[in-house]
Amino acid sequence: MLLEKRTAAVSALQAFARHLEPQGRIFIDLELPIEDFKTENIVKQLPLIDCPDGSIILLQSTSRIDWLNQLNTTVIRYQKWKDSKLVATELQNLSLHWFGRDEFIMCLRENGYKDISLCANYTDSLKLTSYKDTLCFSAVLA
């Protein structure tokens, strides 16, 4: 999900395959950024962080969704305050590319993986029951 472009994600699957021995198994977990879907373009204030030097860190974030490219970009603003004065500000862009369940299974198959299994929330026998579940894929290199 941290690979912003789909081609980079496919390249990563291919790189994993080059490093696995025949019949080697890969494990990948994916999530859907559901909370960001619900709060797109809304600025969220996160809890203050108290620093050992007496300063505080103020965090705010907002997300933009590119529905066609399945890309969620979160902008996080960090502000450091000390003695009621702004000391520093930093911005971070965090892009997450999401895949649907069947779409990712297809990507695995197209890149030489077989015996693909899927469970929820890191529990082998647990079936997916909600869009909030973590999708946990296991596949064998063909």
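**Entry 1. Asp36**

I count a residue as buried when its relative accessible area is under 20%. I apply this to a predicted model. I looked up Asp36 and found that this residue belongs to helix 2. Its relative accessibility is 15%, so Asp36 counts as buried.

I then asked which side chains Asp36 meets in polar contacts. One is the side chain of Lys44, at 3.3 Å. Another is the side chain of Asn72, where the contact is 2.8 Å.

**Entry 2. Aromatic pairs**

I searched the whole structure for aromatic pairs, and five were found. One of them joins Phe37 and Trp67, with 4.9 Å from centre to centre and 50° between the planes, and is tilted. I noted that this pair links distant parts of the chain. Phe37 lies in helix 2 (residues 34–38), whereas Trp67 lies in the loop between strand 4 (56–66) and strand 5, and the two are 30 residues apart.

I checked the accessibility of both residues. Phe37 has a relative accessible area of 21% and is partly exposed. Trp67, at 48%, is partly exposed as well.

Which kind of pair do the rings of Trp67 and Trp98 form? Their centres are 6.0 Å apart and their planes stand at 75°, so I recorded the pair as edge-to-face. The cut-off behind this step is an angle over 60 degrees. This pair also links distant parts of the chain: Trp67 is in the loop between strand 4 and strand 5, Trp98 is in the loop between strand 6 and helix 3 (101–110), and 31 residues separate them.

Is Trp98 buried or exposed? Its relative accessibility is 7%, so Trp98 counts as buried.

**Entry 3. Strand pairing**

I followed the strand pairs that involve strand 4. Strand 2 (residues 44–45) pairs with strand 4 in the antiparallel sense over two bridges. Here Gln45 has Gln60 of strand 4 as its bridge partner.

Strand 3 (residues 49–50) is likewise antiparallel to strand 4, with two bridges. Asp50 is bridged to Ile56 in strand 4. Strand 3 and strand 4 make a hairpin with five residues between them, and in its turn Gly54 has a positive phi of about 90°.

Strand 4 and strand 5 are paired in the antiparallel sense over eleven bridges. I noted Lys80 in strand 5 as the bridge partner of Ile57. Their hairpin has four residues between the strands, and Gln70 takes a positive phi near 50° there.

I continued to strand 5 (residues 71–82) and strand 6 (residues 85–97). How many bridges join them? There are twelve, in the antiparallel sense. Lys82 has Lys85 of strand 6 as its bridge partner. Two residues lie between the strands of this hairpin, in which Asp83 takes a positive phi near 55°.

**Entry 4. Largest pocket**

The largest has a volume of about 210 Å³. It is lined by 14 residues, of which Phe27, Cys119, Asp124, Cys136 and Ser138 are the closest to its centre.

Which strands each supply at least two residues of this lining? I found strand 1 (25–30), strand 7 (113–120) and strand 8 (135–141). By class, I recorded eight nonpolar, three polar and three charged residues in the lining of the largest pocket.

**Entry 5. Second largest pocket**

The second largest pocket has a volume of about 180 Å³. I listed its lining residues; among them are Met1, Leu2, Leu3, Phe16, Ile28, Leu30, Phe99 and Phe104. Helix 1 (6–19) and strand 1 each supply at least two residues of this lining. The largest share, four residues, comes from helix 1.

What classes of residue make up this lining? I recorded eleven nonpolar residues, no polar residues and no charged residues.

Key
Residues numbered from 1 in each chain as written. Predicted model: local features only at pLDDT ≥ 70, side-chain atom pairs only at ≥ 80, totals over all residues. Heavy atoms only, no water. 1 Å grid on protein atoms, 1.4 Å probe; cavity = no way out; pocket = protein on both sides within 12 Å on 5 of 7 lines; lining within 4 Å. Points joined across faces, edges and corners; volume = space filled by probe spheres on them. Nonpolar A, V, L, I, M, F, W, Y, C, P; charged D, E, K, R; others polar. Pairing = 2+ DSSP bridges. Phe/Tyr/Trp six-rings, centres within 6.5 Å; stacked < 30°, edge-to-face > 60°. Buried < 20%, exposed > 50% of the residue type's maximum accessible area, 1.4 Å probe, protein only. Polar contact = N/O pair within 3.5 Å; in protein donor to acceptor, adjacent residues only side chain to side chain.
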